[in-house]
Amino acid sequence: MVTIKDIAQAANVSPSTVSRVISGNPRISMQTREKVKATMKSFNYQPNRAARTLATKQSNTIGIIQKSASIEDSQNPFVLDVLSGIFSECKNHGYATISTTKGQSIEIELEVQEMIHYHSVDGFIVLYSKKNDPIIDILKSHAMPYVIIGKPLTNDRIIHIDNDNVSASQSLTRCLIDKGHNKFLFVAETGNYEVVKDRIAGHLNAIEQTDSVTDIVYFAKNRHYIR
C-alpha cells in the first residue's frame, strides 16, 4: 500500500510537505504543490481523510446548513447560485462540503449535532437568518465557527453576507405601481425568516406611499396540497 512516505520520496520532499499539500496549507509553493499532486496521481494515491480527521481533529470540510432540503428550496435559483459559489471557493482552497439533507427543523438539528460530534466539519455556513434558532444555539454551545447568509440578529459580531431585501422589495412593488397596478397579494413563506420579514416591510413601505391595497398570505413550502 502506498504511503505518504512513498509519495515524499518519489517527489523528493519531506513527508510533512506531502501532508501539508493534502491539507491545503497555503504556505506550500504552487510548484511544490503541483509536483506532489502529480506524484500522488501517478501512484493513484488517495489520502485517508478519516484517519487524518481523527489525528488532527480537522476535516477540511465545511458544513452547509439549509433551512430545508425540500424540492422547492433545492430548485430556488438564489440557493443554487449561493451553493455554486460555496462549492467553487471551497474547492479552490482544498475544502470539501457537506450539506444537511433533512426537511424538518428537529431533523436538521440532529444532523448538525452529528457533524460536530464526529468532527465531520471545521465550520458551518448557514443559508438563512432566523430569530431564536436552536441550531445557532447548538453552534455557539460547541464554539463552532459559522457564517450567516442573511442579517445578524445578535450583537455577537457574527460574519454575515446579506442583500438589502427591504429596498429590493420596495423597488419591485413601486415598479408595479408605476405600471398602474394598485391591488396586491403578497405570498410569504412561513417560518419566521428574516428575509421574509424584510421583503414584507419593503412591500408595505411602497404600498403606504400610494392608494394601493395589499393582502399578505402565508404558506408552508414543504406542505403538499391536494386539489
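Modeller: Start with one residue and its neighbours. Leaving out residues up to four places away in sequence, Asn-165 touches Val-195, Asp-198 and Arg-199. Contact here means heavy atoms within 4.5 Å. This is a predicted model, in which local features need pLDDT of at least 70, side-chain atom pairs count only at pLDDT 80 or more, and totals for chains, interfaces and linings use all residues. Residues are numbered from 1 along each chain as its sequence is written, and side-chain values use heavy atoms, with hydrogens and water left out.

Colleague: Where does Asn-165 lie? And is Asn-165 buried or exposed?

Modeller: Asn-165 lies in helix H9. Helices are DSSP runs of H or I with at least four residues, strands are runs of E with at least two, and both are numbered from the N terminus. For exposure, buried means under 20% relative accessible area, exposed means over 50%, and partly exposed is in between (1.4 Å probe, protein chains only). Asn-165 has a relative accessible area of 8%, so it is buried.

Colleague: Now the helix pairs. How is packing described?

Modeller: Two packed helices are described by the angle between their axes and the distance between the axes. The axes are lines fitted to C-alpha atoms, for helices over the stretch in contact, and the angles run from 0 to 180 degrees between N-to-C directions.

Colleague: At what angle do H9 and H10 pack?

Modeller: H9 and H10 pack at about 40°, with axes 7 Å apart. That makes H9 oblique to H10. The classes are these: under 35 degrees is roughly parallel, over 145 roughly antiparallel, 65 to 115 roughly perpendicular, and the rest oblique.

Colleague: What is the hand of the crossing of H9 and H10?

Modeller: The crossing of H9 and H10 is right-handed. A crossing is right-handed if the near helix is turned clockwise from the far one by less than a right angle, and left-handed if anticlockwise.

Colleague: Which residues make the contact of H9 with H10?

Modeller: From H9 come Asn-165, Val-166, Ser-169, Gln-170, Thr-173, Arg-174 and Ile-177. From H10 come Val-195, Asp-198, Arg-199, Ala-201, Gly-202, His-203, Asn-205, Ala-206 and Ile-207. By class, there are six nonpolar, seven polar and three charged residues. Ala, Val, Leu, Ile, Met, Phe, Trp, Tyr, Cys and Pro count as nonpolar; Asp, Glu, Lys and Arg as charged; the others, Gly among them, as polar.

Colleague: Next pair. How do the axes of H7 and H8 cross?

Modeller: Helix H7 covers residues 105-117 and helix H8 residues 134-141. Their axes come within 10 Å and cross at roughly 15°. H7 is therefore roughly parallel to H8. The crossing of H7 and H8 is right-handed. H7 contributes Ile-108, Glu-109, Val-112, Gln-113 and Ile-116, and H8 contributes Pro-134, Ile-135, Ile-138 and Leu-139. Seven of the residues in the contact of H7 with H8 are nonpolar, one is polar and one is charged.

Colleague: And at what angle do H1 and H2 pack?

Modeller: Helix H1 (residues 4-11) and helix H2 (residues 15-23) pack at about 105°, with axes 8 Å apart. H1 and H2 are therefore roughly perpendicular to each other. Ile-4, Lys-5, Ile-7 and Ala-8 in H1 meet Pro-15, Val-18 and Ile-22 in H2. That contact has six nonpolar, no polar and one charged residues.

Colleague: Backbone next. Which residue other than glycine has a positive phi near 55°?

Modeller: His-119 has that phi. His-119 lies in the loop between H7 and strand S3 (123-126). Its relative accessible area is 32%, so His-119 is partly exposed. Asn-192, also not a glycine, has a positive phi of about 65°. Asn-192 sits in the loop between S6 and helix H10 (194-208). With a relative accessible area of 37%, Asn-192 is partly exposed.

Colleague: Where is Gly-180 found?

Modeller: Gly-180 is in the loop between helix H9 (165-178) and strand S6 (183-189). Gly-180 counts as exposed, at 57% relative accessibility. Gly-180 and Ser-212 are 32 residues apart along the chain, and their C-alpha atoms are separated by 9.9 Å.
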